[in-house]
Amino acid sequence: MNAETSARLVLLNSIESGSQFWTQEVKNKGALHVVDQIKKGKAYSDKKTIEKVKKKVESVDPIAASRHIAESGALFIDPHHELWPTQLNDLANPPFGIIIKGDFDVLSKLDNSVSIVGTRNPTNYGLRIASDFAAGLSENGLAVVSGGAVGIDAAAHKGALAVEGTTLGVLGGGVNKPYPLSNFKLFDEIKLKGLLISEVMPNINPIPLRFLIRNRLIAALSKGTLVVEAAFRSGSLRTARDAAEIFRPVMAIPGPINVPTSEGCHKLITERCAELVTSVSEVLELVNPLTRMMG
């Protein structure tokens with residue numbers, strides 16, 4: 001592990017992911033320089049903040065952290081690693097690094113992939129659509145990315161796995177602490193046939209904030225985002241907007257106008273943030289041109 005990668009691992013253990021300020025510091029000055037300045041107590045913002053970060057940074061042993069990741073059956077990668085998904089570099093606040101567990105070769109399939117996201121409280125219609133679209137996209141050679149949550153996420157993962165497709169789960173907690181526990185069998189299957197991805201250490205429990213933060217990774221890792229069902233204030237809308245910000249196609253499935261779980265999809269369509277799609281072929285039409293240009 002080179003010095004820059006070691007410094008990124010220290011930062012991953014010390015600073016909450018998604019920080020616009022710290023990611024820009026690393027992008028502009030390098031992780032090793034940032035860690036060195038923190039240890040010297042150089043104030044980037046207010047004194048209280050830098051002292052808190054300094055204390056955390058000084059407590060991290062990168063060798064021990066790396067060993068812990070390896071013992072968890074996982075791997076830490078950063079932009080210097082050959083497996084690094086370069087799509088993440090498009091983010092305004094890319095992760096310091098990510099921890100992956102499962103079939104590492106799956107990362108090579110992200111040049112042809114779609115994220116499928118939606119509500120945790122779907123209708124039967126939404127579950128069927130998420131599963132059918134995931135299966136259809138998988139049969140057309142696309143990997144399916146989602147967040148492992150109950151509801152639409154789980155249906156998307158299961159739909160891909162049902163046809164022996166490739167699927168990736170981006171977690172709000174560590175790869176050894178996937179949430180929710182009710183999906184433990186699904187996570188085990190994803191690890192065997194796909195990949196789990198996180199930007200926190202393996203045994204870190206998820207907290208609500210991290211689910212919102214990780215949504216940007218779901219958006220960036222794929223070539224387009226499909227929202228199946230989403231309430232008016234759903235976190236899935238955050239994923240859609242994260243995708244739009246980095247110029248990835250956003251698609252939404254329409255639903256009955258009197259069903260709350262479709263209000264978010266209709267909002268995206270009305271605001272012209274998302275294209276209305278009703279078939280797998282329409283998704284392919286929107287994603288494949290981008291895939292050819294960027295692949």
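This is a predicted model: local features need pLDDT of at least 70, side-chain atom pairs count only at pLDDT 80 or more; totals for chains, interfaces and linings use all residues.
Nine strands form an open sheet in the order β1-β2-β6-β5-β4-β3-β7-β8-β9, and their pairing is mixed. At the edges stand β1 (75-77) and β9 (275-276), each of which pairs on one side only. Helix α8, for its part, lies across β2 (98-102), β5 and β6 (195-198), and runs at about 105 degrees to β6.

Strands of a sheet pair through backbone hydrogen bonds, in either a parallel or an antiparallel sense. For β3 and strand β4 (residues 143-146), the pairing is parallel and extends over three bridges. How many of the residues of β3 are buried? Five of its five residues are buried, and the strand is described as mostly covered. The covering applies to both faces: Ser113, Ser115 and Val117 are buried on one side, and Val114 and Ile116 are buried on the other.

The helices also pack against one another. Two packed helices are described by the angle between their axes and by the distance between those axes. Helix α6 (residues 124-139) and helix α7 (residues 152-162) have axes that come within 7 Å and cross at roughly 35 degrees. The crossing of α6 past α7 is right-handed. On the α6 side, the contact is made by Gly126, Leu127, Ala130, Ser131, Ala134, Ala135 and Ser138; on the α7 side, it is made by Ile152, Ala155, Ala156, Gly159 and Ala160. By class, this contact of α6 with α7 has eight nonpolar and four polar residues, and no charged residues.

Helix α7 packs on α8 as well, at an angle of about 45 degrees and with the axes 11 Å apart. Because of that angle, α7 is oblique to α8. Here α7 passes α8 in a left-handed crossing. Ala154, His157, Lys158 and Leu161 of α7 meet Leu186, Glu189, Ile190 and Lys193 of α8. By class, the contact of α7 with α8 has four nonpolar residues, one polar residue and three charged residues.

Helix α1 (residues 3-14) and helix α3 (residues 31-39) pack with their axes 8 Å apart, at an angle of about 55 degrees. The angle therefore makes α1 oblique to α3. The crossing of α1 past α3 is left-handed. Ala3, Glu4, Ala7, Arg8, Val10 and Leu11 of α1 make the contact with Ala31, Leu32, Val34, Val35 and Ile38 of α3. By class, nine nonpolar, no polar and two charged residues form the contact of α1 with α3.

Finally, Pro180 lies in the loop between β5 (167-170) and α8 (184-193). Is Pro180 buried or exposed? Its relative accessible area is 12%, so Pro180 is buried, the cut-off for buried being under 20%. Beyond its neighbours within four places in sequence, Pro180 is in contact with Gly148, Ala149, Val150 and Phe187. Between Pro180 and Ala149 there is a separation of 31 residues in sequence, and their C-alpha atoms are 6.5 Å apart in space.

Methods: Residues are numbered from 1 along each chain as its sequence is written. Side-chain values use heavy atoms; hydrogens and water are left out. Axes are lines fitted to C-alpha atoms, for helices over the stretch in contact, and angles run from 0 to 180 degrees between N-to-C directions. Helices (H or I, at least four residues) and strands (E, at least two) are DSSP runs, numbered from the N terminus. Angles under 35 degrees count as roughly parallel, over 145 as roughly antiparallel, 65 to 115 as roughly perpendicular and the rest as oblique. A crossing is left-handed if the near helix is turned anticlockwise from the far one by less than a right angle, and right-handed if clockwise. Contact means heavy atoms within 4.5 Å. Ala, Val, Leu, Ile, Met, Phe, Trp, Tyr, Cys and Pro count as nonpolar, Asp, Glu, Lys and Arg as charged, and the others, Gly among them, as polar. Buried means under 20% relative accessible area, exposed over 50%, partly exposed in between (1.4 Å probe, protein chains only). Two strands pair if DSSP finds at least two bridges between them.
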